[in-house]
Amino acid sequence: MSRTLILDTETTGLDPWTGDRVLEVAAVEVVNLVPTGVTYHRLINPEREVPEEAVRVHGFTWDMLRDKPLFAEILPGLLEFLGDDPVVAHNAPFDFGFLDAEFDRCGVPRIARGRMVDTLELAKRRFPGLPNSLDALCRRFGIDNSMRTSHNALLDVKLLSEVYLELMGGKQPGLELASQRREPALVVSTGPAGPRTPRPIVPTPEELERHAAFVARFKDSAWKDMTPGP
């Protein structure tokens, strides 16, 4: 059995070494590249104010978090859930950097970097030069992320688990072998919104007349023998 954990954190800022803290951590379990539905999720008291720019990203304010447990209190459960298995994250060095700082404060060993799997690096190798944010990958793989109006660790790990499956060569949801499909001949692709049928663009008589006038301006043009059409 191959067990992997998909993890995400939300934080008070971008730099754990200047005082920013983890305020949310979530993880989902994947076994043999199939999400099991087993999740871990905790909101955390970051022991400091949450800057407005961070609130705009994830929506968590200091008032919402001041009664939540401290990181040290949730750490035993997090360690038990992660076990010794690989930990997958998108832009993993960011999440691991914050966890390193929190683990250091608690005086426990950090998660070994050899367990880290970065889906951002996997995506860059597969799609060089293309946008590879979580939203971009969801769009590319036809994964519905319409509910992602703000960053939320639990939602993000569920989306990332689907992205990870695709990056590892898994089958896209709803995709079937061509020989098994029962679709009209004109259907060329299927996406989240359902089958799409091509709609040929047919020029109007006015457009044909304007085309002919344009082509007449050129001598010995091959275009004269070409009539625009569908």
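This is a short walk through the structure shown above, from the whole chain down to a few single residues.

The model is predicted, so local features need pLDDT of at least 70 and side-chain atom pairs count only at pLDDT 80 or more, while totals for chains, interfaces and linings use all residues. Residues are numbered from 1 along each chain as its sequence is written, and side-chain values use heavy atoms, leaving out hydrogens and water.

Let us start with the whole protein. It has eight helices and seven strands; these are DSSP runs numbered from the N terminus, with at least four residues (H or I) for a helix and at least two (E) for a strand. Of the 230 residues, 38% are buried, where buried means under 20% relative accessible area, exposed means over 50%, and partly exposed lies in between (1.4 Å probe, protein chains only). Now look at contacts, meaning heavy atoms within 4.5 Å. Among those between residues at least 6 apart in sequence, 60% join residues at least 24 apart.

Next, find strand S1, residues 3-11. Nine of its nine residues are buried. Both faces are covered: Leu 5 and Leu 7 are among the buried residues on one side, and Ile 6 and Asp 8 are among those on the other. Which strands pair with S1? Two strands pair if DSSP finds at least two bridges between them. Strand S2 (residues 22-31) pairs with S1 in the antiparallel sense over nine bridges, and Ile 6 stands opposite Val 28 there. Strand S4 (residues 87-89) pairs with S1 in the parallel sense over two bridges, with Val 87 as the bridge partner of Leu 5.

Val 87 also touches Arg 115, a residue in the loop between helix H4 (92-106) and strand S5 (116-118). The side chain of Arg 115 does reach the backbone oxygen of Leu 82, at 3.3 Å.

Finally, visit two loops. Most residues other than glycine have a negative phi. Leu 33, in the loop between S2 and strand S3 (34-43), has a positive phi of about 65°. Leu 33 counts as partly exposed because its relative accessibility is 34%. Asn 91 sits in the loop between S4 and H4, and its phi is also positive, near 60°. With a relative accessible area of 35%, Asn 91 is partly exposed.

Definitions and conventions: A polar contact is a pair of N or O atoms within 3.5 Å; within protein, one must be able to donate a hydrogen and the other to accept it, and residues adjacent in sequence count only if both atoms are side-chain atoms. Lists of a residue's contacts leave out its neighbours within four places in sequence.
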